[in-house]
Amino acid sequence: MTDPFVVIGGDAAGLSAASKFAREAPTRDGIVFERGEWVSYAHCGTPYYVKGTVERLTDLLSLTPADAADRGIDLRRNHEVVGIDTDAGTVTVAHDGGTFSQPYGDLLVATGAHAVTGSIPGSDLDGAFTMHGLDSAAAVRAALAAPGESAVDTTIEYVDAALVEKYADWQPPERVAVVGGGYVGVEMAEAFRAHGVETHLFQRSGRLLPPFGETVGERVADHLREQGVTLHLNTAVQELRGDDGRVAAVVHDGGATDVGLALVGIGVGPNTDLVADTPVALGDTGAIAVDEYGATSVDGVYAAGDCAEARHAVTGAPDWVPLGLTANRAGRAIGATVAGEPSPVGDIAGTAVVKAFDLECGRVGLLDDERASDAGFDPVSESVTAGSRSGYYPGGDATDVTLVTDRGSGRLLGGAIVGRDRAAIRIDTLATAIEADMTVDELERLDLGYAPPFSPVWDPVLVAAKVLDGRLE
């Protein structure tokens with residue numbers, strides 16, 4: 001194999017690319033190198049595994065190694081690519097105590113992202129976790145169970161049994177700390193409360209879920225308090241303090257809180273170290289710069305997933321928003337391109353949804369006035385509250401919708417939604433409108449579905465558009 005399609009990384013982007021390539025170019029060789037044991041798993045499902053909603057860890061696998069083999073993918077686990085030589089067209093692979101050189105014809109860098117913890121001393125203590133990987137999820141679930149309870153199946157081929165058994169011997173913590181009020185922090189607070197654990201959430205800023213805007217953040221904060229989560233907003237965590245190598249307290253502005261377990265979810269960063277000594281260029285975001293087909297600055301080298309940028313649908317500029325659909329979609333497109341059918345990876349709008357106990361939250365586009373202004377827009381925003389169903393039909397709930405538009409053109413720039421009754425799925429209407437460059441006036445005239453069990457005559461999205469359009473007029 002002198003010119004195979006080589007993929008670095010066996011998760012969403014990497015295996016999506018390999019699957020598409022194998023189907024479209026069955027006579028050409030392809031290899032996927034994955035440095036770990038786990039492949040193609042649902043990162044976003046790990047909080048629900050810890051909570052217990054998802055029973056088995058293997059339920060989070062989208063594609064097993066056996067499935068990959070059935071698709072004709074040469075998947076090599078426990079093979080870590082440690083170097084790239086773009087002049088020679090080779091990668092250096094470490095495996096089983098040695099290294100070897102593998103030529104490539106085309107190369108996809110799909111190395112993903114890593115959890116950011118370096119700013120908090122003590123993050124390496126026993127009992128301090130990031131929710132970044134299935135072994136971490138298994139260890140946390142084991143730590144929450146009483147000793148002797150079989151919370152995690154350690155006979156699963158890929159599980160780090162030693163890590164799980166270590167935490168299975170612990171007494172369950174009475175109090176836990178969640179550091180960070182983003183997606184992972186909010187979801188893990190729900191998971192811990194489901195186990196009856198006293199939960200303290202620390203957020204450096206004064207708002208939870210900052211990318212979702214003020215209305216969503218305030219409503220989520222109120223709801224978390226109702227669910228028994230103690231919030232420490234505007235509170236920076238300075239360190240995790242240990243006792244005999246185990247996390248014992250969170251040191252923060254104003255004092256310290258004793259805990260038996262800590263979950264650090266302060267963000268992620270793109271894994272780009274592998275291209276640091278190559279001509280592959282990084283973008284201003286720190287992720288790998290790519291064109292509309294996922295190609296990097298070096299011919300024959302592509303990048304996709306959480307390590308790569310993508311073009312933002314509103315600004316038209318490169319951006320970095322590490323989310324699952326972006327990775328899968330880009331990987332599939334690159335697989336088709338390498339197989340001979342050029343396919344754009346598509347724009348991103350930052351569309352995201354998150355569950356906060358009983359609340360559903362969604363966001364898309366530009367919500368921050370400063371960022372919108374920096375992109376050349378004159379932002380105008382409006383927030384409304386409307387019913388999710390016809391008022392006489394049971395099961396409805398107040399749904400808060402925020403829309404942002406450009407004053408001059410009326411173009412929809414962004415939106416956010418929060419509520420208990422099918423609120424999150426409504427963000428797809430706004431995502432579609434943004435991708436179509438629709439104005440608020442055009443959004444207001446959309447013929448959305450109506451029936452009392454599903455929506456009032458004027459869907460909350462239409463109500464928000466109508467009010468905002470009135471402001472523009």
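Analyst: Helices (H or I, at least four residues) and strands (E, at least two) are DSSP runs, numbered from the N terminus.

User: What should I know about the model before I start?

Analyst: This is a predicted model, where local features need pLDDT of at least 70, side-chain atom pairs count only at pLDDT 80 or more, and totals for chains, interfaces and linings use all residues. Residues are numbered from 1 along each chain as its sequence is written, and side-chain values use heavy atoms, leaving out hydrogens and water.

User: How do I read a sheet? Which strands make up the open sheet of five, and in what order?

Analyst: Strands of a sheet pair through backbone hydrogen bonds, either parallel or antiparallel. Here, two strands count as paired if DSSP finds at least two bridges between them. The order in the open sheet is β3-β2-β1-β7-β18, with parallel pairing. β3 (74-77) and β18 (301-303) stand at the edges, and each has a single partner strand, so one side of each lacks a neighbour in the sheet. From one strand to the next, the twist averages 20°. Angles run from 0 to 180 degrees between N-to-C directions, with axes fitted to C-alpha atoms, for helices over the stretch in contact.

User: How many bridges join β7 to β18? Which helix lies across them?

Analyst: Three bridges join β7 (residues 106-109) to β18, in parallel. L108 stands opposite Y302 in β18. Helix α8 (residues 324-338) lies across β1 (5-8), β7 and β18, and runs at about 160° to β18. T326 is in that helix. With 18% relative accessible area, T326 is buried. Contact means heavy atoms within 4.5 Å. T326 touches V321 and I348, leaving aside residues up to four places away in sequence.

User: Which way do the side chains of β16 point? Which strands pair with β16?

Analyst: L261 and L263 point one way from β16 (residues 261-264), A262 and V264 the other way, and all are buried. Strand β9 (residues 128-129) pairs with β16 in the parallel sense over two bridges. L263 faces F129 and V178.

User: F129 is aromatic. Which aromatic cluster does F129 form part of?

Analyst: Rings of Phe, Tyr and Trp (its six-membered ring) pair if their centres lie within 6.5 Å; planes under 30 degrees apart are stacked, over 60 edge-to-face, the rest tilted. F129, Y167 and W170 form one cluster. The whole structure has six aromatic pairs.

User: Which residue lies over the face of W170?

Analyst: A charge sits over a ring if NZ of Lys or CZ of Arg is within 6 Å of the ring centre and within 35 degrees of the ring normal. R246 lies over W170, at 3.6 Å from the ring centre. The charged end of R141 sits over the ring of Y49, 4.4 Å from its centre.

How values were computed
Buried means under 20% relative accessible area, exposed over 50%, partly exposed in between (1.4 Å probe, protein chains only).
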